[in-house]
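Have a look at the model first.

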Amino acid sequence: MSAQKDRWVFSFSFLLFCASSIPMRGSARLLQELSPQEYFSGLQAGRASLAYFSHNVSPGAQPFLEQIENSAEALQDYGISVVKVNCPKEDVSRYCGKENALRKAYLFRGNMLIREFPTDALFDVNSVVANVLFALLFNEVKYVETLADLQNIENALKGRSNMVFAYVPATGTAEHRAVMEAAFVYGTVHQFVLTTEATLLKDTGNNEPDVSSARLLFCHCQRATDLAQPCRRTAMGQALTMLNIHRHLKLMGAPLVTEVAEDPEKVSTVHLQLGLPLVFILSQKETYEADRRTAEFVAWQLLGKAGVALLSRDLVDLNVLLRSNVALKTPDEGVPIKYLVLEDTDEVITLVEDKNKVKQIQEDEEEDEEDEDEKETNNQDIQDDQVVEAVSRDKKRELPLEQILALTEETFHSALLEAARTAVLFYASWEAVSLAVLRSYTEVADHLKGARGVLLSRVNCWDWPGICTKENVTQFPTIKIYEKGERSVMYNGMWGTEELTSFIMLSQVSCPLKLATIEEAEGYLRGEFPSELSSYHHTSVLGVFSTATSEAREAFEEAGNILSGHVTMGMYFEGDALALSRKYAVSPPALLLARSRSRDVESIALSKQTAQDMVQMIRYELLGIFPEITVPNLPRYLQLRKPFLILFSDGDIGQMESKEMLKLAKGRPQQAFVACWLNLKKTPVGRGVLKAYFATMPSLPLLVWVNLHAGGQVFKFPSEQSITEMNILSWLEKLKAGLEIPSSTLSEEDWKPPLPAYDFLQMMETAVPELPLHTSHRRGDTPAQHPPESPGGDTATREEPSQETKAEKVGSPGRDLRGTAPRLAAREKQGKRHSEL
Amino acid sequence: LGLALYASSLCVVSGTTFLYHDYCVIGAGPSGLQAAYFLQRAGRDYVVFERSHAPGSFFALYPRHRKLISINKRYTGKSNGEFNLRHDWNSLLSHDRRLLFRRYSRDFFPDADTMVRYLEDFASLLKLQVQYNTAIVHVTLERDRQAWNGHYFLLTDQDRQNYKCSSLLVATGTWVPNVVNFPGSEYVEGYETVSTNPEDFAGQTVLILGRGNSAFETAENILGVTNFIHMVSRSRVRLSWATHYVGDLRAINNGLLDTYQLKSLDGLLEGDLEDLAIIKDKKGKLHITLRFYLENRNTSAGIDSITLPQDELDNFATRAPYDRIIRCLGWKFDFSIYNRSLRMMPGKGNKKKYPQIKPSYESRGTRGLFVLGTASHSVDFRKSAGGFIHGFRYTTRAVHRLLENRHHGVPWPSTVYPITQLTNSIIKRVNEASGLYQMFSVLADIILLRDAATAFEYLEEYPVGILAELETQTGRKATNGLFVVIMEYGRNFSGADKDVFYYNRAVGEAQHAWQSNFLHPVIYYYKRLPTEREMKLRPPDWPLPRPDAIHHIVEDFLTDWTAPNAHILPLRRFLENCLSTDLRNFFAESCFLFAFTRQKLPPFCWQGYVRMQGLVGSEGLRRHAVEAGLLEDYTLTDFLGDRLPDSHEGSQDQLLRDHAIPVRPLQHLVNAKDE
């Protein structure tokens, strides 16, 4: 910290030195008082002076005079003397004679009048200095009012010199003064341009200009080669003070990338001197050109925030990993250089920016660091499991469990005999996932209220572990449907209200359902039979068999058992009539599929298939051709393990797109990809997907190719092309040929522990070092447990309570309450404090 | 047919007739019956020998004053049968719910007769094979390379009937009264025969030798009618509430401590009984003197010539003569019936009343001989509950499981779960398991990790002392690391001289859980099975060698370790860090997002959602998750247009950050920008 301060002092004095090179004169009163003759005769060529003429008695001008007097010292730094000219009573010359001339101040260079200022323009020191310098630096600081003016200046400067463009809300302000003072120093180096027009600021690419605050941009026109393009700009992030401007200009003046061929520990640049970090890009001969471009790219991003140096590894013998490609040197003394392996330039930039942020915080609030530390370790106690947290937040709400019978060891078996079917939810009252399912289960109960033949019940395995073990329930939650105490089916679908409800409903009908007459079979295909299911939209699967096909029929029946609850399956035994077969042009054994909402009946011939094959086939057939992908149905398509071609749409997709996509999807029977669409209105999480792919929300509809299972590359269908089968196919060809650049690639990252655990082993060792624990093992082969927050410190405080623990004990009575009764006693002692609060 | 079977199990070896059984159990007390129960359930060929006509003959006589000090807690506020066994110290393990002790007695400290009745029922209701009135008087070995253990056990009963067994389970308890021999010890009455009628002690002055529960129980009984009672023993009194060892003096018996400390003439004295001598004077009063004086006296002189301590030290504590002296010194194992070849050796030091056994309960001297019940207490003497019904009912089961694996190829029972159930299965067990709770620091649950940490195998109540032999003893493989779930008291918390009620003794914060004092679950993590050497070199009061990581679940006043933040969360973090994975639960919506934005999914998603068992969650729950900042609500982002995702203030969500890294290898990016 103190080193930093020194550096500030250093650079400030440096500035003053450049700015004035005028030694202090030590005179208490810098305002000269002269007679007109003395004044005019004493004016030296090229030397500026600010004069104010007065007859001795002019009380109204008194405050104004004071301000001028105060600014004498500041102006003196710029070689401007301030003079009060005392007009003799009889004098009626140009400056002394006229009454209103006395209300003004005059700026002379030599004996030439440069400008006269009305007293109200000189209301304080800032305004005096700003206005005087503004007038004097007429050539160095261009004042512009229109964008055209600005562009003209900019164009004229291209390839020649850089421009400093400043916006101040008004002249005569402190910011104005700072800009003018900087211009006094740097005016010959850079072209200064000043404006008070906020519109100009808008046009410089600032999206949300805050017109109330001044801004300064450094325009790199000297490097500009393309006359059509505006110069690259670097805005100054800090407030407009002379010091900050100076700092900014110095940084802008520094070379973009410094080439380094020495030990990085010894390298020092302007950036380090100004308290900014220095980033080294480690380069090798082979990659020099690319590295240089990288370095420049990074340097542009970090301009004003950090310096960038290109370090040639071939010239310096670095004792670091060959993989390291970036190094970071911080201005703090004694902090070693960090060598890193980074993957993209963004990481470099965040590295620097986060550092700055951290530092800012540290500088802003130099409060107890212990507090910070504590906060950090306490993250571990903050729940980061969305399900557990959601359930605990919901725990005070009483669940409407009236519809759901709670079973006990005594009532379990008798209850199963009561209804034709009993659904039992096995859960544990402390387990979050099963409690989440219990909530959905209450909604199921609500849906099924009044449904006959189904009893909803539950068993809390925390109360009745015996039944759960006996019923072979090894994990929570489990739902089983018992048929009159005979057979039971375990539910293996999504834990959602709709899915559960439909499962329970479908389970009521035997699977496959034996259809006796041709009328029933037809009604079944129309979705009208059995009547219990007529209100459910579903795809009906009808197996048609003849006398000779008992093998296929058995397989079909077995498949029905497996798919029970998920699919409605019917079975029609034709005998010799073959009415159905004829109607749908199949020969038994065959499957007829009637999709809901569509009148078509598809037919599939059955060959010698096992039950498992048949299950697979039926599942596959039930998948849509160009389905809308949703949260519950995605897993079915994921299982195909194919790339996805997804049309993202905000609401329903247009007819044209729908038609084209359907054509595409139907085009080839065994598609190599899943063509589907996603309705962001129905599946809002799709937005999260898009944001992950493109960082910002792209315009919709949008066709995306995602290779989920191989490589994870994401490609975006060019938005300028219309979504037609032909266009898509040729785009896909290009993808295959590797001609397209992916928009992003899905992270391959493993799912690591979100936070470290308490390292009790280390705490124990720190607290009781004589424990012969370390004998057999080496330390450090413990699993990666603690970050640097040193749990050791923690135990030390437990050993001999330091202020921290005392503060904890006394200061936060609430925290002591957890867990145990002896703590309860401690709490009572704190009771008073509590009531005071 | 029965006859034929009987005949087939008869075998004739060198002219002697042997009745053969795979397993012979000696003793039909609680542990013998418990062993019989497991053998019967497994369908094994076994027999139990009982010298008495009924089971539990020890309880028919002891405790003399008939009050059991094992608690019979009939109400716990919970219906969980497994949990309730934590507070039922008398029942044996069985599937039969009729055989719960609370159905036998309403007393918190039940009568010993009830225990006898209970054991009778246990044997008869479960139809256990007990051969009564058979006292095994001799046990020897017969070498045979065909035998399971390289030898058979040959047993002989009081009628010279011989029995031959492949495996011998010794469940005889400790029933031989400890006797101290010193001059005058013939004047001492034994606990086993002393009158239990207080009237017999009216107006008498009594000296009790010993300081265990039987001594105090005897004192308690006569406290109200004696002049005063003195108690002598070598060791200081050990109070069970200070040592949390149930074999030490229980509060229910400590009335004499009260009267001693409240100056009511009764008292405790420390001294080695071996140094004592007792002299009876002419009036029949008994005087205490020291063996030292007796040895130096002139043998010809009469009783009056014997020096009494008070002759030299006139304030000698036990100078007053006693009317009666009672010996209450406990019991020891009956070593007498074993042939030398079995090498049944007494333990060392304070364990000399028990035979030497390994932590697997197998005799150190003879393979295939297992010691069960009270006699097996040397494994955890003065530590855990292995010497008592509520402890050895579990160790007996453990021995049975070891035998099933060793002799019948039945591996230790286990359940395989997906890794997502890891936290749950531990929480479930530490909250309800009674074996872990009663046999703390002795029996432990073992979690064997399967390859790539996608699944694990759960083994219950394995004797932790033979952890190194786990693979051979259980028939399970431990190649991918393991967790050991065990319960422990704080290491420095309790002991004979400790103040266990000191202020601030309880730890409430999860981050200080390792300093917990009361019984609490501890989980050890090993990347590989510890070796026998590491087991031997473990720190003195550690049940296990140094793990690769350890976790303590903070002690809980209600022994209810289900608090989501204080108990489950730190446990999950520990498990996650050991396995280097993310064990959080996710709603289906999050899994959907991950499925599209990451190449890998967290275990909960790929074991659930991807297999079409996603947790959809109710609307209300999802809203809570959104409020907690753990789930992003994308319906709200409509009006935000295309602002950067993290301009979304506050709900900074670690879950949903960096799903995808934009493809920007350094060079590629630069090229694109430059052009």
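In this predicted model, helix α24 (residues 655-667) and helix α26 (residues 725-736) of chain A pack at about 50°, their axes 9 Å apart, so α24(A) and α26(A) count as oblique to each other. Oblique here is what remains once angles under 35 degrees (roughly parallel), over 145 (roughly antiparallel) and 65 to 115 (roughly perpendicular) are taken out. As it's a prediction, local features need pLDDT of at least 70 and side-chain atom pairs count only at pLDDT 80 or more, while totals for chains, interfaces and linings use all residues. Residues are numbered from 1 along each chain as its sequence is written, chains are lettered from A and ligands numbered from 1 in the order in which they are written, and side-chain values use heavy atoms, leaving out hydrogens and water.

**Helix pair in chain A**
- On the α24(A) side, Glu660(A), Met661(A), Lys663(A) and Leu664(A) meet Glu725(A), Ile728(A) and Leu729(A) of α26(A); contact means heavy atoms within 4.5 Å.
- Sorted by class, that contact of α24(A) with α26(A) has four nonpolar, no polar and three charged residues.
- The classes go like this: Ala, Val, Leu, Ile, Met, Phe, Trp, Tyr, Cys and Pro are nonpolar, Asp, Glu, Lys and Arg are charged, and the others, Gly among them, are polar.
- Helices are DSSP runs of H or I with at least four residues, strands are E runs with at least two, and both are numbered from the N terminus.
- Axes are lines fitted to C-alpha atoms, for helices over the stretch in contact, with angles from 0 to 180 degrees between N-to-C directions.

**Helix α2 of chain B and its partners**
- The axes of α2(B) (residues 30-41) and α11(B) (residues 389-408) come within 9 Å and cross at roughly 35°.
- The contact of α2(B) with α11(B) splits into six nonpolar, four polar and two charged residues.
- α2(B) also packs with α5(B) (residues 112-125), at about 20° and with axes 10 Å apart, so α2(B) and α5(B) are roughly parallel.
- The α2(B)–α5(B) crossing is left-handed.
- Pro30(B), Leu33(B), Gln34(B) and Tyr37(B) of α2(B) touch Leu119(B), Phe122(B) and Ala123(B) of α5(B).
- By class, the contact of α2(B) with α5(B) has six nonpolar, one polar and no charged residues.

**Cavities**
- There are nine cavities of 30 Å³ or more, a cavity being a set of points, on a 1 Å grid over the protein atoms alone, where a 1.4 Å probe fits but cannot get out.
- The largest cavity has a volume of about 60 Å³, volume being the space filled by probe spheres set on the points, which are joined across faces, edges and corners.
- Its lining (residues with an atom within 4 Å of a point) includes Leu506(A), Cys511(A), Tyr524(A) and Met569(A).
- The lining of the largest cavity has eight nonpolar, three polar and no charged residues.

- Phe476(A) and Pro477(A) are joined by a cis peptide bond, with omega about -10°.
- Leu700(A) and Pro701(A) are also joined by a cis peptide bond, with omega about -5°.
- Arg66(B) isn't a glycine, yet has a positive phi of about 70°.

Technical notes:
1 Å grid on protein atoms, 1.4 Å probe; cavity = no way out; pocket = protein on both sides within 12 Å on 5 of 7 lines; lining within 4 Å. Left-handed = near helix turned anticlockwise from the far one by under 90°.
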